[in-house]
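These notebook entries record what I looked up, one topic at a time. I begin with single residues and then turn to helices and the ligand.

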Amino acid sequence: MKLTVPHMGLLSMAYTKVLREHGVQMHPPPRPTKKTLNLGVRHSPEYACLPFKINLGNMIEALEEGVDSILMPGGYGPCRFGYYGVIQAEILKGLGYRFQMARTDNPDSLSDMIKTIKDISDIETKWDAYRVFYLILIRMAAFDKLEALYFKTKPREINNGETDRAFREGLKIIEDATSYTSLLRAWLKVKRIFRDVKTDKRARPLRIGILGEIFVVIEPFANMDVERRLARMGVEVVRGVWLSDWLNDRFRFKPFRPNQNKMAKKWAYPYLRYPSGGESIESVGKTIKFYKEGIDGVIHIMPFTCMPELVASTILHRISSDLNYPVLSLTFDEHVSEANLQTRLEAFVDLLERRRKKGGL
Ligand code: SF4
């Protein structure tokens, strides 16, 4: 079995090496590119959301490279995600590909995840499968912490490019750590590397919160690298959606981290009482949180035709005018141009700088 899973940010780096050590022939697809998107767009229904198209393009690329099995999370809930795998399998079969598709029917269920790991690997006992699964989750959390460290350091760096080098080194160090003890050592090393990056301690960069649908937030190809564009413009990015938080809300592997979804529900309550799917409740709740924390403004990003985030986006306009708080909504699909995105980001940053000079918030 040569297995692939479509990309979603750094997720594949969290599991690939670990699963390979347990007999799984993991073959991640190439990182998404324009070619991936074109393939996905060509074979998807027009109304499908951007993650569906990028996933499908990635699957085609992997199948072309000789993969014979695909693993796709499934599930249920008030958005289309649960149907992705089923429809994608039909499309791929229609294109003549021969493969097996395994679906985790309920990605919220720990026993489902453990069963999937046991089924695809040479792991024999349930206990070992738990151990491996939790190691993958902790590796994911380490990658997320590395990105957060990057966002904090980059706008303060003195020597251009030093933070990017530290980040690349950190990725490699964490990726190579495939046991609990080596992961701890790896994290301490990453912290030392970032401590050595020369920064301006007096710098007070603008801080912008990034919220929205989880796939477009964490997959840089889907959002045209919006976070790094901002970081290069000297902005500190404060991301409000992390894959490790999403996983922690379900599997409680970070015992001291409060449940982010429950917290977001409390913050969102005056504007949105019931989640409408996707990350809608986080988008609304965390915008209010960011406002209270003095973050200069929020960028809300979502795929075109994403109903849950469209609900959130409508509410964010209301919050923005009620609180006099800058919120920029960005919608992504295959038609968005880089020049348009860059212009909108620069205009938003300009606005926030002028507000700050006038004593804005
Ligand atoms: S949250 Fe939106 S973009 Fe994400 S899968 Fe659901 S409908 Fe698609």
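**Entry: Leu149**

In which helix is the place of Leu149? I found Leu149 in helix H6. I note at the outset that the model I am reading is a predicted one. I then looked up the surroundings of Leu149: it has 19 C-beta neighbours inside 10 Å and therefore counts as partly exposed, since a buried residue needs 20 or more. I also looked up the separation of Leu149 from Val190. The two lie 41 residues apart along the chain, and their C-alpha atoms are separated by 9.7 Å.

**Entry: H6 and H11**

I next examined the packing of helix H6, residues 126-153, against helix H11, residues 243-251. For H6 and H11 I recorded an angle of about 145 degrees and axes 8 Å apart. The crossing of H6 and H11 is left-handed.

Which residues of H6 and H11 meet? On the side of H6 I listed Leu137, Met140, Ala141 and Asp144, and on the side of H11, Leu243, Ser244, Leu247 and Phe251. By class, this contact of H6 with H11 holds six nonpolar residues, one polar residue and one charged residue.

**Entry: H11**

I looked up which residues of H11 are buried and noted Leu243, Ser244, Asp245, Leu247 and Asn248. Their cover includes H6, together with helix H1 (11-20), helix H9 (214-218) and helix H12 (260-268). Just after H11, I found Arg252 with a positive phi of about 45 degrees.

**Entry: H14**

How many residues has helix H14, and how far apart are its end C-alpha atoms? H14 has 17 residues, 307-323, and its end C-alpha atoms are 25 Å apart. At 1.5 Å a residue the helix should span 24 Å, so the two values agree.

I listed the buried residues of H14 as Pro308, Glu309, Val311, Ala312, Ser313, Leu316 and Ile319. Strand S5 (207-212), helix H13 (280-292), strand S7 (297-303) and strand S8 (327-332) are among the elements that cover them. Just after H14, Asn324 takes a positive phi of about 55 degrees.

**Entry: positive phi in loops**

Most residues other than glycine have a negative phi. I therefore looked up two further residues that depart from this pattern, by the general rule that most such values are negative. Thr305 lies in the loop between S7 and H14, and its phi is near 70 degrees, a positive value. With 16 C-beta neighbours inside 10 Å, Thr305 counts as partly exposed. Asp225 is found in the loop between H9 and helix H10 (226-232); it is not a glycine, yet its phi is positive, about 60 degrees. Asp225 has 15 C-beta neighbours inside 10 Å and so counts as partly exposed.

**Entry: the ligand**

How many residues surround the ligand? I recorded 13, of which the closest are Cys49, Cys79, Phe81, Gly278 and Cys306. The largest share of this shell, three residues, comes from H14. By class, the shell around the ligand has nine nonpolar residues, one polar residue and three charged residues.

**Entry: Arg207**

I located Arg207 in strand S5. Is Arg207 buried or exposed, or something in between? I found 19 other C-beta atoms within 10 Å of Arg207, which makes it partly exposed. Leaving aside neighbours within four places in sequence, Arg207 is in contact with Glu236, Val238, Ile295 and Asp296. I also looked up Ile138, which is 69 residues from Arg207 along the chain; the C-alpha atoms of the two are separated by 27 Å.

**Entry: Pro28**

Where does Pro28 lie? I found Pro28 in the loop between strand S2 (25-26) and helix H2 (34-43). It has 19 C-beta neighbours inside 10 Å and hence counts as partly exposed. Not counting residues up to four places away in sequence, Pro28 touches Thr4, His7, Ser12 and Thr16. Finally, I noted that Pro28 and Phe253 are 225 residues apart in sequence and 25 Å apart in space, C-alpha to C-alpha.

Key:
Residues are numbered from 1 along each chain as its sequence is written. This is a predicted model: local features need pLDDT of at least 70, side-chain atom pairs count only at pLDDT 80 or more; totals for chains, interfaces and linings use all residues. Helices (H or I, at least four residues) and strands (E, at least two) are DSSP runs, numbered from the N terminus. The expected span of a helix is 1.5 Å times one less than its number of residues. A residue is buried if 20 or more other C-beta atoms lie within 10 Å of its own, exposed if 12 or fewer, and partly exposed in between; C-beta atoms are placed from the backbone. Two residues are in contact if their C-beta atoms, placed from the backbone, lie within 7 Å. Axes are lines fitted to C-alpha atoms, for helices over the stretch in contact, and angles run from 0 to 180 degrees between N-to-C directions. A crossing is left-handed if the near helix is turned anticlockwise from the far one by less than a right angle, and right-handed if clockwise. Ala, Val, Leu, Ile, Met, Phe, Trp, Tyr, Cys and Pro count as nonpolar, Asp, Glu, Lys and Arg as charged, and the others, Gly among them, as polar. A residue is near a molecule or strand if its C-beta atom, placed from the backbone, lies within 6 Å of it.
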